[in-house]
Amino acid sequence: MDEILEILKYTLPSVITGGVAAYFLKQFVFMESNKRKFEMLNDKKKQSLPIRLQAYERMTLFLERINITNLAYRVEPETFNKIEYAKLLISQINAEYEHNLVQQIYISPDCWTLITNTKTTILNNITACSMHDNLTSGKDLQQELIKIGKEGPSPTQIAQQYIQKEVQTIL
């Protein structure tokens, strides 16, 4: 019995010391792993930030290009009638949209939805204006769209403000 107590005197402190060492080693490895993950995530964010900002810039440019007033000034009606001119404007907007479709990967879903809704609103406004009986030529439609574009805040301005707020949260 004395031999067992003598063995316990030496082995029990060794077992406790070994357990404490194993616990701290496990904690150290866990902390290092988390530190490495954090650094990798931080590096990934640093690399993706310029791409995300570029996506927001491109979508701001898209909104600026589809703004009814800017679009009407940029795309001349020439000798088109109002329906042909409306189709030309709609095709311009759709081409711009298709060119920027990939940007949805880099921006938030809420922002992308707002941009898509803005595009749809502008298309609907152009279509509705082209149906007015008092407009006969593409030039008349152009003047009407410019007039509408100058009334109150446009859908593109609202979307651009949303983009600005979202970019501020990123930065």
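Buried means under 20% relative accessible area, exposed means over 50%, and partly exposed lies in between, with a 1.4 Å probe and protein chains only. The model is predicted: local features need pLDDT of at least 70, side-chain atom pairs count only at pLDDT 80 or more, and totals for chains, interfaces and linings use all residues. Residues are numbered from 1 along each chain as its sequence is written, and side-chain values use heavy atoms, with hydrogens and water left out.

**Exercise 1.** Characterise the salt bridge between Glu96 and Arg65.

*Solution.* 
1. The criterion is a side-chain nitrogen of Lys or Arg within 4 Å of a carboxyl oxygen of Asp or Glu. For Glu96 and Arg65 the N to O distance is 2.5 Å.
2. Glu96 belongs to helix H3 and Arg65 to helix H1 (residues 2–66); the two are 31 residues apart, and the pair links distant parts of the chain. Helices here are DSSP runs (H or I, at least four residues), numbered from the N terminus.
3. Glu96 has a relative accessible area of 14% and is therefore buried. Arg65, at 29%, counts as partly exposed.

**Exercise 2.** Characterise the salt bridge between Lys147 and Glu144.

*Solution.* 
1. The closest N and O atoms of Lys147 and Glu144 are 3.8 Å apart.
2. Both residues lie in helix H5, three residues apart, which is about one turn of the helix.
3. Lys147 is partly exposed at 48% relative accessible area, whereas Glu144 is buried at 16%.

**Exercise 3.** Determine how H3 and H4 are oriented to each other.

*Solution.* 
1. The axes of H3 and H4 (residues 109–130) come within 9 Å and cross at roughly 170°.
2. H3 is therefore roughly antiparallel to H4.
3. Contact residues include Ile83, Ile90 and Ile93 of H3 and Trp112, Ile122 and Ile126 of H4.

Terms used
Axes are lines fitted to C-alpha atoms, for helices over the stretch in contact, and angles run from 0 to 180 degrees between N-to-C directions. Angles under 35 degrees count as roughly parallel, over 145 as roughly antiparallel, 65 to 115 as roughly perpendicular and the rest as oblique. Contact means heavy atoms within 4.5 Å.
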